[in-house]
Amino acid sequence: MKINPYLTYNGNCEEAFRFYEKALGGKIAMMMTYDQAPPGDNPTPKGWEKKIMHVSMNVGDVILMASDAPPGHYTPMGGFSVSLAPESKAQGEKIFNALAPGGKVRMPFQNTFWAEGFGMVVDRFGTPWMVNYAGAQS
């Protein structure tokens, strides 16, 4: 079994995933807008036709998925973080620095007693991230 995060956005899912594709070095595998659903199966609110019904992005061996929640159904993200395990401290710092602009740094990327590099940030789209490079201390 695999566990893959599924995130929801309030109308800015495409912008967020284009950003993540660059920040995380991922590759968007599929992106479908609400107006691409079959006729009759498409209860799309007016003005949401071009919003994202589903997107999936490959990042390493993980699939990150998301959609724009229909109006009235969005809840801000909370109570979790998407945890990243980079292959090097330099990669971790680069990813952390890419996610941070316009967001809120909860803990700067730094050495800790459990990791050579760890940081927590909520990006400008409201997604909470933890970047953890354990390094030789693992």
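Trainee: How many salt bridges does a search of the whole structure find?

Mentor: The search finds 2 salt bridges. Before the details, note that this is a predicted model, where local features need pLDDT of at least 70, side-chain atom pairs count only at pLDDT 80 or more, and totals for chains, interfaces and linings use all residues. Residues are numbered from 1 along each chain as its sequence is written, and side-chain values use heavy atoms, with hydrogens and water left out.

Trainee: What makes R18 and E14 a salt bridge?

Mentor: The term asks for a side-chain nitrogen of Lys or Arg within 4 Å of a carboxyl oxygen of Asp or Glu. In R18 and E14 the closest N and O atoms are 3.3 Å apart.

Trainee: Where do R18 and E14 sit relative to each other?

Mentor: Both are in helix α1, 4 residues apart, so about one helical turn separates them. Helices here are DSSP runs (H or I, at least four residues), strands are E runs of at least two, and both are numbered from the N terminus.

Trainee: Why is R18 called partly exposed?

Mentor: Buried means under 20% relative accessible area, exposed means over 50%, and partly exposed lies in between (1.4 Å probe, protein chains only). R18 has 40%, so it is partly exposed. E14, at 33%, also counts as partly exposed.

Trainee: Which residue forms a salt bridge with D35?

Mentor: K50 does, with the closest N and O atoms 2.7 Å apart. D35 and K50 both lie in the loop between β2 (27-33) and β3 (52-59), so the pair ties together parts that are 15 residues apart in sequence. D35 is partly exposed at 30%, while K50 counts as exposed at 60%.

Trainee: Why is T44 called buried?

Mentor: T44 has a relative accessible area of 18%, which is under 20%, so T44 is buried. T44 is found in the loop between β2 and β3. Leaving out residues up to four places away in sequence, T44 touches Y34 and E49. Touching is contact, meaning heavy atoms within 4.5 Å.

Trainee: What is the label for P38?

Mentor: P38 lies in the loop between β2 and β3. Its relative accessible area is 48%, so P38 is partly exposed.

Trainee: Which residues of α2 are buried?

Mentor: In α2 (89-99), G92, I95, F96 and L99 are buried. They cover an arc of only 100° around the axis, which puts them on the same side of α2. The arc is that of the directions from the helix axis to the C-beta atoms. On the other side of α2, A90 and K94 are exposed.

Trainee: What covers the buried residues of α2?

Mentor: The cover includes α1 (13-24), β5, β6 (104-110), β7 (117-122) and β8 (128-133).

Trainee: What is the volume of the largest pocket?

Mentor: About 440 Å³. Of the 18 residues that line this pocket, the closest to its centre are V59, V62, S83, L84 and A85. On a 1 Å grid over the protein atoms alone, a pocket is an open set of points where a 1.4 Å probe fits, with protein on both sides within 12 Å along at least five of seven lines; lining residues have an atom within 4 Å of a point. The volume is the space filled by probe spheres set on the points, which are joined across faces, edges and corners.

Trainee: Which element gives the most to the lining of the largest pocket?

Mentor: β5 does, with 3 residues.
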